[in-house]
Amino acid sequence: FDEDVSYLDDPNIDRMQKAKLYWERRIDVVIQYQRSARQRLAERVVEEKRQARRYLRMVESATVMQSMSRMVLARRELLAYRDEELRLIEEEEQRLMEAEEQRLMEAEEYRLQIQREEEAVLQRQRDEEAELQRQQEEEEAEELRLEQMMRDRAQREREARVQADRAAREKSDREARDRAEREMQDRLESERSELERRIVDVQALVRGRLARKVYAEMRGWTTAIVRFQAQCRGALVRREVGDRLTTWGRIEAGVRQVQALARGHLVRQRLREHRTHLKRNINVIVKMQNMYRAKLAGKAYRTLTVEDTPPTPRLVQSCAPLLEDTDQDLEEELELERLRQKAVRQIRENQQTGRILDHLDIKIALLVRNRISLEEVLKQTKRHFRFLDEIRRPVPGSARGMYPPPVPLAQTGGPVPANSLYSLRNMDKESRRKLEGYQHLFYLLQTQPVYLARLLFLLNQGGSRAMRQSMLAAASSASMAGSNGQLSQRPSTDANSGEDISISKLIETIVLTLFGFAQNAREEYLLLKLFCAAIQIELSSISTLQEFLRGNPIFIKLAVHYNRGAKERKYLRDLLQPLIRKVIDDTELDLESDPLVIYRTLIREEESRTGEKSRRAYDITREDALNDMETRTTFIRHLRQLRVLADEFIAAIQQSLNQMPYGMRYIARELRRALTAKFPDEPEAQVMKVVGHLVYYRYINPAIVAPESFDVIETTISPLQRKNLAEIAKMLNQVSVGKHFSEDNMFLQPLNNYVGYTSAKFLSYSFAVTDVVDPEVHFQVDEFTDLATLNKPSILMSI
């Protein structure tokens with residue numbers, strides 16, 4: 001340090017003053033050191049997570065490589081065993097094939113010899129038959145010659161003689177051929193049997209000779225064969241051992257890796273057992289840590305405040321975070337919590353007042369129609385205003401187990417006194433147990449949105465009668481503060497008025513109150529998680545995209561109420577106020593698209609301008625009205641104005657994308673993801689049209705149609721101006737869904753080309769709406785935030 005530290009040697013300044021001056025001048029160094037320490041801790045955590053992920057990937061890769069090496073070794077052993085068997089089978093088949101070929105060759109030679117002999121016999125038979133046939137032909141020629149010479153003999157005797165001679169010759173020829181064939185067959189059979197016997201004898205002699213020769217030779221080869229077998233076995237064993245050594249050398253690295261994995265598995269098993277032991281005794285460990293930290297903190301605090309020794313830099317570093325929280329910070333935090341509770345009470349009071357006004361409107365309407373008397377209206381009005389007065393001021397006195405409403409900090413000016421009725425010290429054991437149970441219940445409903453999502457889904461689908469009656473009865477039960485530990489009982493509302501409230505509106509009111517109307521980051525984060533769970537449960541009950549469009553999901557009703565918050569209204573006011581103000585301020589603007597209405601309006605204007613009745617017919621068809629030149633010109637001008645204004649609205653909506661509240665964009669993103677996962681075969685453009693329609697129709701469209709209800713403008717709107725806004729909203733709705741005008745709006749069909757062109761641009765806007773970060777990143781909140789905060793979250797709600 002370059003500054004003057006001479007005051008440290010001044011004996012007039014005590015040690016506490018010196019330490020105070022020293023560290024006050026170096027508070028920037030302490031803060032910088034604290035920041036660097038936090039940064040190093042964060043980097044160390046990130047590096048440890050990265051090392052853990054790398055180690056998991058290495059373990060998975062080692063497991064895969066181990067499995068692959070085992071498969072390769074098993075495949076190699078199987079292939080070697082199969083090759084050896086195939087070789088032995090091929091050698092045996094080769095030997096059998098050679099013996100079979102030798103036998104077949106001998107049989108083939110014998111068959112060829114027999115075939116040659118049979119062919120010789122057949123050739124002799126064919127020669128004899130040819131000779132006989134030649135002799136017959138000669139005899140026939142001789143007989144013809146004799147018949148020619150003996151023409152005078154009788155034809156009958158000659159034919160009889162010729163036939164007799166022919167029959168005799170044929171018979172003799174057949175007998176001769178039969179005898180020759182029998183003799184040939186007998187001779188061939190005898191020769192074949194004799195030849196077979198001789199062949200068998202020769203084969204037996206040859207086999208015996210060969211066997212005796214081989215046996216005689218083998219008797220001299222016994223010693224050589226034994227020596228050769230020993231050498232073969234030795235060669236095989238040496239080859240097997242060499243292959244095994246080679247294999248071991250090749251898989252040595254794998255074996256070492258397997259051993260390392262086994263050792264790692266044992267170490268991880270011991271770590272798991274250690275972690276299991278720590279988890280089993282986590283409560284004891286946490287208590288011991290808390291005690292140790294409290295002891296260290298107390299010792300450090302005593303060192304800073306009581307002891308005379310100067311504090312060390314390490315001690316100042318450990319206590320530096322306490323310097324960040326001052327009394328002013330605590331007061332500001334208490335004031336913020338008080339204002340938040342006040343806002344929740346005011347919102348609930350406004351909702352109750354709105355319901356009371358609705359009932360009073362009904363009573364007044366019945367009074368106007370003389371259905372009820374004035375006394376009943378006054379009685380109902382007094383009852384409602386007495387109820388509001390009881391809400392706004394505490395009820396004096398309470399019985400055991402019954403507690404008045406919580407007193408705001410603004411009325412008490414500080415914490416609740418110990419002797420007050422509102423203090424937790426006045427609760428009995430049973431009341432404290434109930435309070436703790438309610439705290440756990442509401443915390444579970446906040447952090448586990450699946451329970452509320454299922455309840456809302458069942459109630460939206462119809463639910464059971466008992467469930468509906470219980471939910472209606474909850475509207476008139478006691479009011480209770482959340483985990484801040486304050487309970488209160490308030491007068492219940494009229495049963496008849498409670499039954500008139502719809503189930504869906506009751507559930508929405510309870511849910512939004514449970515999440516504190518999303519007044520801070522934590523409650524808005526948890527409410528968005530509820531939307532996500534509700535979307536998943538709603539989509540699990542449908543099978544087509546059209547079924548989703550036709551339905552009325554409960555999360556859309558919740559989104560409508562959620563979008564009426566302060567920041568959502570501010571976005572709509574900043575977006576739509578200039579545009580709607582432009583439409584309202586233009587007194588000449590008329591976007592009527594019905595030709596008949598335009599035609600009649602022109603007639604009325606003409607009559608008011610001239611003071612005479614118009615000569616044009618009043619009751620005509622729309623087609624005839626459109627044929628009128630002035631009507632057609634006005635109609636075209638209206639369509640052009642409608643298209644220009646629609647372009648301005650769409651351009652403003654697209655340019656304000658970055659200002660759109662995160663909650664609506666997150667709901668659109670989750671709906672897109674859920675629809676894409678549920679209907680993977682649907683085109684993405686069709687899914688995005690559904691998402692864009694949700695964003696426009698449920699969020700932006702109500703503020704265009706009724707801008708005074710969303711604080712967009714504060715002036716009243718005439719019927720013509722509201723009709724112009726309705727026409728613009730109708731055009732934007734067609735653009736958001738990408739659907740052309742049908743026959744129901746046949747006179748707006750000329751704008752179908754514009755709708756198709758603009759819907760493509762709106763589709764890109766829908767894609768951009770869903771491109772947002774996760775809520776954990778946006779709100780800097782996750783499921784472990786409650787565990788790290790020192791102050792318990794609190795809610796104030798009426799059930």
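Author: Helices in this predicted model are DSSP runs (H or I) of at least four residues, and strands (E) are runs of at least two.

Reader: What does the secondary structure of the chain come to?
Author: Start with the whole chain. It has 799 residues. Its secondary structure comes to 27 helices and 2 strands.

Reader: How many of the residues count as buried, in percent?
Author: Buried means under 20% relative accessible area. Of the 799 residues of the chain, the share that passes this test is 29%.

Reader: Among contacts between residues at least 6 apart in sequence, what percentage join residues at least 24 apart?
Author: A contact needs heavy atoms within 4.5 Å. Take the contacts between residues at least 6 apart in sequence. The share that joins residues at least 24 apart is 72%.

Reader: How many aromatic pairs are there?
Author: Ring centres must lie within 6.5 Å to pair. By this rule the count comes to 7 aromatic pairs.

Reader: Is the pair of tyrosine 438 and phenylalanine 442 stacked or edge-to-face?
Author: The centres are 6.1 Å apart, with 15° between the planes. Planes under 30 degrees apart count as stacked. The pair is therefore stacked.

Reader: Which helix holds tyrosine 438 and phenylalanine 442?
Author: The two residues are 4 apart, about one turn of the helix. Both lie in residues 429–447, which is helix H10.

Reader: What is the angle between the planes of tyrosine 662 and tyrosine 666?
Author: These two tyrosines also form an aromatic pair, 6.0 Å centre to centre. The pair is stacked, and the angle between the planes is 20°.

Reader: Where do tyrosine 662 and tyrosine 666 lie?
Author: Both tyrosines are buried: tyrosine 662 at 10% relative accessibility, tyrosine 666 at 2%. They are 4 residues apart, about one helical turn. Their place is helix H22.

Reader: How are H24 and H25 packed, in angle and distance?
Author: Helix H24 covers residues 719–737 and helix H25 covers 752–769. Their crossing is right-handed. The angle is about 65°, and the axes are 7 Å apart.

Reader: How many residues of the contact of H24 with H25 are charged?
Author: On H24, the contact uses Met731, Gln734, Val735 and Ser736. On H25, it uses Tyr754, Val755, Thr758, Ser759 and Phe762. The residues divide into 5 nonpolar, 4 polar and, for charged, none.

Reader: Which residues of H24 make the contact with H18?
Author: H18 brings Ile580, Val583 and Ile584. The contact divides into 5 nonpolar, 2 polar and no charged residues. From H24 come Gln721, Asn724, Leu725 and Ile728.

Reader: Is glutamine 780 buried or exposed?
Author: Glutamine 780 has a positive phi of about 55° although it is not a glycine. It is in the loop between helix H26 and helix H27. Its relative accessible area is 64%, so glutamine 780 is exposed.

Technical notes
Residues are numbered from 1 along each chain as its sequence is written. This is a predicted model: local features need pLDDT of at least 70, side-chain atom pairs count only at pLDDT 80 or more; totals for chains, interfaces and linings use all residues. Side-chain values use heavy atoms; hydrogens and water are left out. Rings of Phe, Tyr and Trp (its six-membered ring) pair if their centres lie within 6.5 Å; planes under 30 degrees apart count as stacked, over 60 as edge-to-face and the rest as tilted. Buried means under 20% relative accessible area, exposed over 50%, partly exposed in between (1.4 Å probe, protein chains only). Axes are lines fitted to C-alpha atoms, for helices over the stretch in contact, and angles run from 0 to 180 degrees between N-to-C directions. A crossing is left-handed if the near helix is turned anticlockwise from the far one by less than a right angle, and right-handed if clockwise. Ala, Val, Leu, Ile, Met, Phe, Trp, Tyr, Cys and Pro count as nonpolar, Asp, Glu, Lys and Arg as charged, and the others, Gly among them, as polar.
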